[in-house]
Amino acid sequence: MGFPDRIERTIELAHPPSKVWAALTTAEGLGEWFGDEATIDLRPGGAAQLRWDRGLTVEVRVELVEEPTVFGFTWQLPNLPEDDPRRTYVEFTLEPRGTGTRLSVVETGFAQLPQDAYRDEYDSHVRGWARELGELAAYVNGA
Amino acid sequence: MAPDIEAVAEQVFTALADPSRRAILAALASGGPATATDLAGRLPITRQAIAKHLALLAVAGLVTGEQGERRRVRYRLRSAPMQLAQQFMAALARDWDGPLAGLKDHLDRSA
């Protein structure tokens with residue numbers, strides 16, 4: 001099946017890195033091209049928020065700020081409950097190309113385990129089920 | 001990446017591919033833990049077929065059996081494998097092409 005852990009895109013932009021950097025890391029920029037409204041505290045550990053008029057709000061945590069080259073943040077996986085601890089890491093890398101910028105975005109962490117205990121819990125469940133199967137068989141046969 | 005993530009996700013999708021198993025999972029999600037007999041009373045599926053589907057769902061880790069009344073096994077929904085399969089769908093649902101096209105437009109407009 002191929003469980004994708006990493007998403008990667010690269011685009012060429014006809015604008016210098018300083019301008020692309022501003023679009024990626026300011027509330028004004030993010031509220032224009034990404035969400036409909038945004039706030040950002042641009043420092044590692046700082047909070048950012050993206051809001052869309054259709055009712056979606058996404059909480060973001062700034063992780064890496066190396067102006068004007070690397071901007072990294074973490075956020076939740078799409079469509080999961082707010083208290084779900086799983087987050088993916090997004091990193092934008094800006095490279096000057098002539099008068100423009102080559103921008104790449106890499107998002108990783110889709111294939112992380114939900115929690116450390118998951119594996120143990122799953123295994124113990126499978127072992128436990130071997131007993132239950134006996135009872136199920138007895139029930140079905142006896143019914 | 002742990003190889004078993006993929007195996008778990010595959011089992012979830014296999015389990016969900018069958019309409020009877022989806023109906024059983026939906027019944028457990030909406031009505032809570034139930035025995036095969038309870039489910040047979042609520043769904044247009046025979047108890048024998050339900051028992052067979054429950055066994056497969058249990059192997060996939062999507063339901064877990066516990067001792068109910070009169071030695072009947074009661075099944076409850078287990079969400080962990082479903083959460084894992086959600087991650088697979090999350091990767092497919094993550095759209096970067098749209099936003100990046102928006103960024104390009106934004107920069108060109110404000111040039």
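Of the 143 residues in chain A, 22% count as buried, where buried means that 20 or more other C-beta atoms, placed from the backbone, lie within 10 Å of a residue's own, exposed means 12 or fewer, and partly exposed is anything in between. Keep in mind that this is a predicted model, in which local features need pLDDT of at least 70 and side-chain atom pairs count only at pLDDT 80 or more, while totals for chains, interfaces and linings use all residues. Residues are numbered from 1 along each chain as its sequence is written, and chains are lettered from A and ligands numbered from 1 in the order in which they are written.

Let's stay with chain A for a moment. Its secondary structure comes to 3 helices and 7 strands; helices here are DSSP runs of H or I with at least four residues, strands are runs of E with at least two, and both are numbered from the N terminus. One spot to look for is the loop between strand E4 (57-66) and strand E5 (70-76) of chain A, where Pro68(A) sits. A cis peptide bond links Glu67(A) to Pro68(A), with omega at about -5°.

Now over to chain B and its helix H2, residues 19-31. H2(B) has 13 residues and reaches 18 Å from its first C-alpha to its last, close to the 18 Å expected at 1.5 Å a residue (the expected span is 1.5 Å times one less than the number of residues). Which residues of H2(B) are buried? They are Arg21(B), Ile24(B) and Leu28(B). These cover an arc of only 60° around the axis, so they lie on the same side of H2(B); the arc is that of the directions from the helix axis to the C-beta atoms. As a general rule, an α-helix has 3.6 residues a turn, so residues three or four places apart point the same way. The face turned away from the buried side of H2(B) carries the exposed residues Pro19(B), Ala26(B), Ala29(B), Ser30(B) and Gly31(B).

Ala27(B), also in H2, is partly exposed because it has 19 C-beta neighbours inside 10 Å. Setting aside neighbours within four places in sequence, Ala27(B) is in contact with Ala34(B), Leu39(B), Arg42(B) and Leu43(B). Just after H2(B) ends, Gly32(B) takes a positive phi of about 85°.

What does H2(B) pack against? Helix H4 (residues 47-59) of chain B packs with H2(B) at an angle of about 80°, their axes 10 Å apart. Axes are lines fitted to C-alpha atoms, for helices over the stretch in contact, and angles run from 0 to 180 degrees between N-to-C directions. That makes H2(B) roughly perpendicular to H4(B), since angles of 65 to 115 degrees get that name, under 35 is roughly parallel, over 145 roughly antiparallel, and the rest oblique. Ser20(B), Arg21(B) and Ile24(B) in H2(B) meet Ala49(B), Ile50(B), His53(B), Leu54(B) and Leu57(B) in H4(B).

Key:
Two residues are in contact if their C-beta atoms, placed from the backbone, lie within 7 Å.
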